[in-house]
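This report describes selected side-chain pairs and helices. The sequence and the model are shown first.

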Amino acid sequence: IAALHSILFSLSKCYELPDIEVSCVPSFDCCVPAMMDMIQQDLFGTASDMKEIESTKKRLVKEAGGAKSLDSLEIISRMILFNPSTVDQTQHLSSIHILVEPFLARLDDPEVSSAVIGKVKEALSRIVIGVSQNPSVSPDEMFPFVYSTLSPYIAHERTLPEAGEDFEESDDEHINDLEVSRTNSLPKNTKSSNESKRSIVKVFNWAPSQLKIAKDNQGAYQIKMKEKLEQRKVHDGANAPKLTGSSRYDSLTSKRKDLNSPGISCAVAFGLGLLHSHLKKKHSECSISMTDPFVKILYTFVKDSKDDNAVLLSLKCLQVLLRLDLPSVHTYSGLLADCILKIISKLSCNTQNEMVQSCFKILTLLLSSDKNSALELRGEKMASAPKSTSYTAFADGAVFSKTQMQVLISILQSALTDAEHHNSTFGVIKAVTSRQYISPEFYDLMDKILQMTVQSQKPTMRQQASRIFMQYLIEYPMGKKRLETHLKQVVLNIKYEYEDGRISALELLNAIINKLPLPLLEEYTQLLFLPLILQLVNDDSKTCRERAGECITILLSRLSTQVLQSLYEYAERWSGNSSDRKLQRTSVQLFGLFVEARSDFMKKNGRIEALLSFISNALNNEIGDVDQTDVLVAEQHWEMVYYCLQAIEKIGNNSQSILWKYVDLWVLIIKCLAHSHPWVQLIASRSIHSHFASCNVEHFDTIQNNAAAVLLRIPGSIFEIARNLCFELNSEDHRQSDDIIEMAVKNLSWIIKIMDKHPKLCYKGEDVLDVSSDLKFDGDEDGNPNDQARNPVTWLMTRLSNIAKKPGSVRREAIFKCFAAFATFCDAEIIGNHLELMVEPLQRVIIETEAREESLAFTRNFANNVNPSETSTDLPHEVLNLLEEKCGTESFIQTLAKIKCKAREKREERKHRIAVEAMQDPEAAAKRKIAKHQKEKNRKKRRIEDRKIGRGVFTKKPRHVVN
């Protein structure tokens, strides 16, 4: 068998099914009987007995290792031509019949052992895997084959009651087989021209569980009658049937095993496995005529089978079939629903069980089969229905009775406690909701769903619960009291203890505001508006505040003008209360939301102008008296400043020209650039960039009716903006952020162009002296250009160069990004005149970083602990390359050599100064030397600690104390 497996394995890599006619059999299929003989001998013959003996030396017997026979079965099933309706006349069976028949015949043996059943089960499962990968399988061949495989096992079972018929037991019940055969198109007297060619005939009917095979209709009828006579044959002695009592009909029943015997269950699982694999793979190719007969068979297995695997496979097949509009579904849906509820109740509604999840999916499909019909449970009809009625068909195929729906709702309430397997549970609840089922139990279920929208720990459960409750709230009929109760509970949920629950509640409230009808929304506006305002102001979570703001914005955008005016009056009253800063801050936030949601409403009756006057006064009270050259320290009142700037930004997004009239307001905005809070810095930078970055640099000094006119009316405003932006870039590393750096770089990029073209705009005085482009100063970094005749561009470059010389990797990277932006957008003349100021800090950082990396190279395992931002020199090198491309290689090399020469002279001068100091002031020199030694000592100690950390040593060795 090992040799056979090796041949099949090699052949499977290159074998392709030949394109042959239906009347021909491939050469490979002709070898299947011989291969099956070998496999049968290996599985059930002497070889199998030798493998099971413990004393067998399996390492010396090649065939004793692995499962070569099972692997061979899978390969053969994958390579044969799957055409069960066409057989070889000499074999009377097709290739798939030859594979399956021996195993099913063993299962039909009344004395089959459990060991044999286990082997057959494994072999049949391998055949299913192989057939599922067979490219020659088609629905026209697969469905009749599966039907003829499964139907014999339920032929002697109690038949199913059709709609409107009573059930009657009968021994002669028969399930009509699908027509598997096709009549031969050739005339009977036609002979083949090739006598040596094998003649092919069609199978009339194939029942794989029968040992005897009939060649025609008459033969099949005779075999059936003979079996019935054998069943009625009277035996002598103790075997004679007792014709009294409940066992008087035992002798008339079939001798075959029932559906729940291990052998029959194994055969049924094989057929269902084939059906499920084919439906899952080719469900789009299934026709109604071929799949409709399986509904009855699958229902029988779900109802009568006690094998979990068979029931589970039947449920999975039904999940595919119920999505098709099959005629039998309407007939058996009520019976199937009753069986499903019994299975779930028997399994104690354990949603972790795969069968329970499959049952929930079946219920979902049954409830969703007709979404246009509503479940109308009329108590009068149920009371007048006969007691024997197990289900009642309501409008358009709704088949659940009132009792069944109550049971289902109680099951769903119990299943909601499982947080791991909830998708199928929510699917059933959603289907019930879509059918608009009305009962007190369902309303209780919705209360629990609303509770889960905030209390569930899984985000997916919260989202699904919110969608279901939203559907229920919008579509279900309910009174005013119930609706108000639900809305109050939703509003209370936004104050939930944990952030995730509050976010979920706010998202649900957002959906309600979006979809609630406008008359109802305006009726309950007061119920929603004030709690959202409180949550907007008092919530500690930024995400929750944003969600609350979104809810208020959507609410304001949907309301009518009359209702909106009543809400706007709230904000006006709050803004007039100067004694309560928190209430004024709330009014500013609300004004911003009004501008964002209803700009048309705000532009009427001078509301925008009144709002800008109020914001200007509020900003002046907060920062008007603070010197703008100092960093503001009043961090405890940053909220008012921030929300005022936020409102200004929203006004500018809708209409920029309105803001150009308020010059005093822009003075305060420029001053906010130097605020200590990063949020204030960012929004101020964003406002300035949105208004002035697009102005024409060439004609910037011409007063026009545009944004540039604002800066022209503020003397020295360009210098003040540049200086405050330098304050932002000069902050400590922990106060820096990527957004602030990005906006500062963008603003400095257009400011430096204006400084170069119109330097007089940087001065407050009228008389401006000639300035020198090569003037450099290292003293007062923040000095005013009015003190001396200075070039504003030179001042800005010097300021940035001095900031880059300070320690701090984030601060240096920010300055280097400014230099890169200048090299990209500015003229070569500007860069060339200030190349030395830009290259010097870049070269210093590169030299310091390389020296530090060399010193750290001696520290073992320390390289992994070094911060990449402190050791990386990629950014300085990239900026140097940009500067070299902009100014030219020759000029760049000369400037670089000049910088190195100055650094060397400065280093020699420092050494000379130290030597002179040692001669003139020995005491100061000694102190300097002691400090140097102490610094070196600390450095060595620090390196030793770093080496210990690299070795994983974190404790000190105890010192030995001598008494």
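Helices (H or I, at least four residues) and strands (E, at least two) are DSSP runs, numbered from the N terminus. This is a predicted model, in which local features need pLDDT of at least 70 and side-chain atom pairs count only at pLDDT 80 or more, while totals for chains, interfaces and linings use all residues. Residues are numbered from 1 along each chain as its sequence is written, and side-chain values use heavy atoms, with hydrogens and water left out.

Glu 622 lies in helix H29. Buried means under 20% relative accessible area, exposed over 50%, and partly exposed in between (1.4 Å probe, protein chains only). At 18% relative accessibility, Glu 622 counts as buried. Contact means heavy atoms within 4.5 Å. Not counting residues up to four places away in sequence, Glu 622 touches Arg 581, His 637, Met 640 and Val 641.

With one of these residues, Arg 581, the side chain of Glu 622 meets in a salt bridge (2.6 Å, N to O); a salt bridge is a side-chain nitrogen of Lys or Arg within 4 Å of a carboxyl oxygen of Asp or Glu. Glu 622 is in helix H29 (residues 607-623) and Arg 581 in helix H27 (residues 581-597), so the pair ties together parts that are 41 residues apart in sequence. Arg 581 counts as partly exposed, at 42% relative accessibility.

## Other salt bridges

The structure holds 22 salt bridges. One of them joins Arg 126 to Glu 74, with the closest N and O atoms 3.4 Å apart. This pair links distant parts of the chain: Arg 126 is in helix H7 (residues 114-132) and Glu 74 in helix H5 (residues 68-79), 52 residues apart. Arg 126 is buried, and so is Glu 74. A network of salt bridges links Asp 71, Glu 74, Arg 78, Glu 122 and Arg 126.

Asp 304 forms a salt bridge with Lys 303, and here the closest N and O atoms are 3.4 Å apart. Asp 304 is partly exposed, with a relative accessible area of 23%. Lys 303 also counts as partly exposed, at 35% relative accessibility.

## Aromatic pairs

A pair of aromatic rings is described by the distance of the centres and the angle of the planes. Rings of Phe, Tyr and Trp (its six-membered ring) pair if their centres lie within 6.5 Å; planes under 30 degrees apart count as stacked, over 60 as edge-to-face and the rest as tilted. A search of the whole structure finds 27 aromatic pairs. Among them, Tyr 443 and Tyr 472 are edge-to-face, at 6.0 Å centre to centre and with 65° between the planes. The pair links distant parts of the chain, with Tyr 443 in helix H19 (residues 440-455) and Tyr 472 in helix H20 (residues 459-475), 29 residues apart. Both Tyr 443 and Tyr 472 are buried.

Phe 692 and Trp 750 form a tilted pair, 6.4 Å centre to centre with 45° between the planes. Phe 692 lies in helix H32 (residues 678-692) and Trp 750 in helix H35 (residues 738-757), so this pair ties together parts that are 58 residues apart in sequence. Phe 692 and Trp 750 are both buried.

## Charges over rings

A charge sits over a ring if NZ of Lys or CZ of Arg is within 6 Å of the ring centre and within 35 degrees of the ring normal. Arg 482 lies over the face of Tyr 443, at 4.0 Å from the ring centre. The charged end of Arg 607 sits over the ring of Phe 601, 3.8 Å from its centre.

H20 has 17 residues and reaches 24 Å from its first C-alpha to its last, close to the 24 Å expected at 1.5 Å a residue; the expected span is 1.5 Å times one less than the number of residues. Its buried residues, including Phe 469 and Tyr 472, pack against helix H18 (423-434), H19, helix H21 (480-493) and helix H22 (499-515).

Helix H6 (residues 95-107) bends by about 35° at Glu 101, and a proline, Pro 102, follows within four residues. The bend at a residue is the angle between axes fitted to the seven residues ending there and the seven starting there. In H6, 10 of the 13 residues are buried, so the helix is largely enclosed by the rest of the structure.

## Val 428

Val 428 lies in helix H18 and is buried, with a relative accessible area of 0%. Leaving aside neighbours within four places in sequence, Val 428 is in contact with Phe 360, Leu 363, Thr 364, Leu 367, Leu 408 and Leu 412. Val 428 and Lys 361 are 67 residues apart in sequence and 7.1 Å apart in space, C-alpha to C-alpha.
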